[in-house]
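Colleague: I am new to this structure. Walk me through the terms as we go, please.

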Amino acid sequence: MSSKAQDDNVFKALAHPRRRALLDELKDAPRTTGMLCDAFPDMDRCTVMLHLKVLEEADLVVARREGRERWNHLNALPIKQIHDRWISQYATHAISILDQLKSDLEV
């Protein structure tokens with residue numbers, strides 16, 4: 001998959017607040033699909049699975065089967081790649097402007 005298509009998948013996955021909430025649940029440790037369903041009682045299992053599928057397609061979640069359980073693991077690398085490509089270069093520019101402003105105010 002091209003880098004642009006992968007970036008599009010990551011942005012699409014991160015655009016939905018429920019998918020971001022699912023990723024937040026996986027921040028500290030992997031969770032089974034059942035655990036994720038329990039964490040979001042207002043969503044049925046099918047809806048949780050659909051959101052997990054979008055996250056998997058974006059490579060933000062890696063699922064591993066252990067017996068009857070499906071363990072979902074966070075893969076933060078695509079988020080880091082988005083940060084490196086889209087955020088850090090703009091943040092560097094903003095920081096340099098703030099640094100210049102600070103210098104101007106101290107004079």
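Modeller: Start with burial: buried means under 20% relative accessible area, exposed over 50%, and partly exposed in between (1.4 Å probe, protein chains only). This is a predicted model, where local features need pLDDT of at least 70, side-chain atom pairs count only at pLDDT 80 or more, and totals for chains, interfaces and linings use all residues. Residues are numbered from 1 along each chain as its sequence is written, and side-chain values use heavy atoms, with hydrogens and water left out.

Colleague: Why is Arg70 called buried?

Modeller: Its relative accessible area is 17%. The cut-off is under 20%, so Arg70 is buried.

Colleague: What makes Arg70 and Glu56 a salt bridge?

Modeller: A salt bridge needs a side-chain nitrogen of Lys or Arg within 4 Å of a carboxyl oxygen of Asp or Glu. Here the closest N and O atoms are 2.4 Å apart, so the pair qualifies. Glu56 is partly exposed, at 31%.

Colleague: Why is Lys27 called exposed?

Modeller: Its relative accessible area is 56%, and exposed means over 50%. Lys27 also forms a salt bridge with Asp24, at 3.9 Å from N to O. Asp24 has 46% relative accessibility, so Asp24 is partly exposed.

Colleague: How do you know that Arg19 has no salt bridge?

Modeller: The nearest side chain of opposite charge (Lys and Arg count as positive, Asp and Glu as negative; His and the chain ends are not counted) is Glu57, 8.6 Å away. The limit is 4 Å, so no salt bridge forms.
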